[in-house]
Structures are given as structure tokens and as C-alpha cells.
Amino acid sequence: MTPKINQFLKSQQPATPFLVVDLDVVQENYRQIDTGLGADIYYAVKANPAPAILECLVKLGSKFDAASINEIQMCLDVGAKPSDISFGNTLKKPSAIEAAYNLGVDLFVFDSEGDLDNIAKYAPGAKVYCRLLAENGSAEWPLSRKFGCDVEMAFDLMMSVKTKGLIPFGLSFHVGSQQPDPHQWNWAIEDAAKVFAQLKNQGVELEMLNMGGGFPVQYRGPIDPFEHFVEAIEASLLKHFGEGNIPALMIEPGRAIVAEAGVMVSEVVLISQKRKDAPRRWVYLDVGMFGGLAETMDEAIKYNITTPHDGGPVGAVAIAGPTCDGVDILYENAPYELPLALKAGDRVIVEAAGAYTSTYASQSFNGFEPLAEYYI
Ligand SMILES: *Cc1c(COP(=O)(O)O)cnc(C)c1O
């Protein structure tokens, strides 16, 4: 928790649940990542598209990875240049491609012939990059299987790009979000280098490698420092592309820029036991799976939760949200313990909650308002 957030929480008591994000931390995170790999940073807008964050990043010189026309428009609204926006979703309707192109966006991802043909038709002359399937092994929030194509298909599709009237620009991959292992980038870089070389043999010279996002943040367990990721990735690039042959680089961090900049504040609604001698209590918060903590699905992301009673004796708990849906359980299997003194009405803090929360909150399932947000 930053001093600024601490001060905000002391001086203001907004109704819970809410998210409060310290923009200074967004800036620090951006700067740290920017000094790392010598890659152009395309912030993954989906992680948190709040105008205050996008505005802060535009000022820092960030570029943007957008997934839809609305995300593109949000970037433009805060002053991003269309040439600094990548349409990074492999799933887009022709109408979205056309609208993006008309707004001046000229960089598009694809992973299939169908999408490539649509780009050729609705964004003639655009630069395109092909997304490779990547192993998402060990990622805590994997993205695999759904996105990307294998290296042979990437080669074949890239060979057809010029004849379709587009510019063969590069390749991309994503090793899975909250990827704790710095060496997981290696396999995808190896694959990409192969396709670069095969295409070069056929006279198609790609310029750019987009290494996606995935850089982890600290939730409950420790993570490797960012420098370890930089070292591992640089070593892989040297090994597979060779000195002097490394292409221009893009990365698309989302979580690593915003997660640790924010906390969510929630009120304990009820604490109960299912039977007298039950080994654990059930703690019900006023925010859950549908209020912004969607990444607790399958208990994938394990948020650190602090309470006003920390330091006192603790006991095992299951933690759930406030709705009448049975899946609205945050943690039932992960071993969570909370203070025995915790009681209904206490405010608890969900740490590192700045990414993948605000826009994951439902409109008003069960009548609960979407998550309130404060950017300070
Ligand atoms: C979600 C996403 C990102 C951001 O991933 P993080 O793990 O949050 O850094 C980057 N690129 C693409 C294509 C994505 O879908």
C-alpha cells in the first residue's frame, strides 16, 4: 500500500467495494519496464482502460495494444496517435477492422486465413503480424490454445501477405498471463526465429517481434525481479536470432503496469460456520467473482488480503462474494487464514488489484453496483 493510497483511505471513506489506484506507481512501473528490454511498450489496454491510466501512459510515451474499437477510441480520446495503436485481437469483425483503419490504425495481428483476408479487404496496405501458438506452461492465467497458429501455418500465411496487398511486418506470441518463469519466453522466441529465417530465405524480411505480456506481479507468493526476465529474454534473443540480427521488439505488458498500483477495499458482510465444530469459517465479502475479482475463477489468481486485525491469531477460512450465485466463491481450496478477531463490518484490503478487476465487474448482477473506481 502506497502512502498516497494510505492517505486517501484515511481521509475518505467511500462506500465499498471500490478500487483505488495510485498513478505514481503506474508511472514507476512503466519506467522500470521501459528501461529493460529496449522494446516498444504497447500497454495492454484490457488490463485497466481507465482514462486516467491511459492519459498517464500517453504522457510517458507508451503505445497501446487494443482489443476492440472501443479500446482504440479510448486511447485516441486521451491523445494517443493512431500509429501508436496495435489492433492486437485475433478475433475481430470486418466492421471493426474497417472502423480501426478509418481511424488511422495501421498495425493488425492475425492468426488465421479468415482474419488475414478480412484485414486485406478492409485495411488495405496495413502492416500485419502473425501470432504464434505458445506454450503457456506454468502461467497462472493461461491464454493458450485459443490464440495463435503453429509455425508452418504462420510461414504459409506470411508468404501470402504481400500478394494480398498487406505488409508482412512481424510475429507475436504471448506466454500466458502472470507467467512466473522467465525461461518460458525461450521456446516462443526459438519458434519465432525459425519462422523469421525461413521467410528470409524466401525473400520475406520481417522487421518486428512482439513478445506479448505475461510479466508477473506479486500477489501472495514471491516473484522473480523484472531484471531476471530481461536477462533470460535477452539471452534467448541472442541465442536464436544471433548478434546483430535481433529484430525491432514490441512488448504488451498489462498486469505488470497496473496491478500493484491499486488496491480494492471491501467490507465483510458476514462470517459464519456451517456447523458448530467446523474446521473453518466462511467469510463473505461485499465483492466477489462478479464484482471485479473474476480472476479468482478456479482460484487462479490468489490475492493477498489484509485486515485491521493482522498480527493477531488466525484461523482457516473459505472466502466468498456477496451474490446468490454458488460459483461466487473466491477461495475454498487455497489455504487462506484470516484473523479470528475479524468481524462483519470490518474493511479488508485486496492487494495488487489494479489489473483485470474494474472492467471484469458485472453491470448489476443481483442488483450490486459495478465496482467504484478512484484514480489518484
Ligand atoms: C492480455 C494480453 C496482454 C497482456 O498480458 P499481461 O499478462 O497482463 O501482461 C498482452 N497481449 C495480448 C495479446 C493480450 O491478450
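The centres of domain 1 and domain 2, taken over C-alpha atoms, are 33 Å apart. This is a predicted model, where local features need pLDDT of at least 70, side-chain atom pairs count only at pLDDT 80 or more, and totals for chains, interfaces and linings use all residues. Residues are numbered from 1 along each chain as its sequence is written, and side-chain values use heavy atoms, with hydrogens and water left out.

**Exercise 1.** Find the domain bounds and the residues in contact.

*Solution.* Start with the bounds: domain 1 covers 23-258 and domain 2 covers 260-375, from an automatic or database domain assignment. Next, take the contact (heavy atoms within 4.5 Å): domain 1 gives 20 residues and domain 2 gives 24 residues.

**Exercise 2.** Describe the shell around the ligand.

*Solution.* First, count the residues with a heavy atom within 4 Å of the ligand: there are 14, and the closest are Lys 46, Ser 177, Glu 252, Arg 255 and Tyr 356. Then sort the shell: three are nonpolar, six polar and five charged, with Tyr counted as nonpolar, Glu, Lys and Arg as charged, and Gly among the polar ones.

**Exercise 3.** List distances from ligand oxygen atoms to side-chain N or O atoms.

*Solution.* Step by step, read 2.8 Å for Lys 46, 2.9 Å for His 174 and 2.4 Å for Ser 177.

Terms used:
A polar contact is a pair of N or O atoms within 3.5 Å; within protein, one must be able to donate a hydrogen and the other to accept it, and residues adjacent in sequence count only if both atoms are side-chain atoms.
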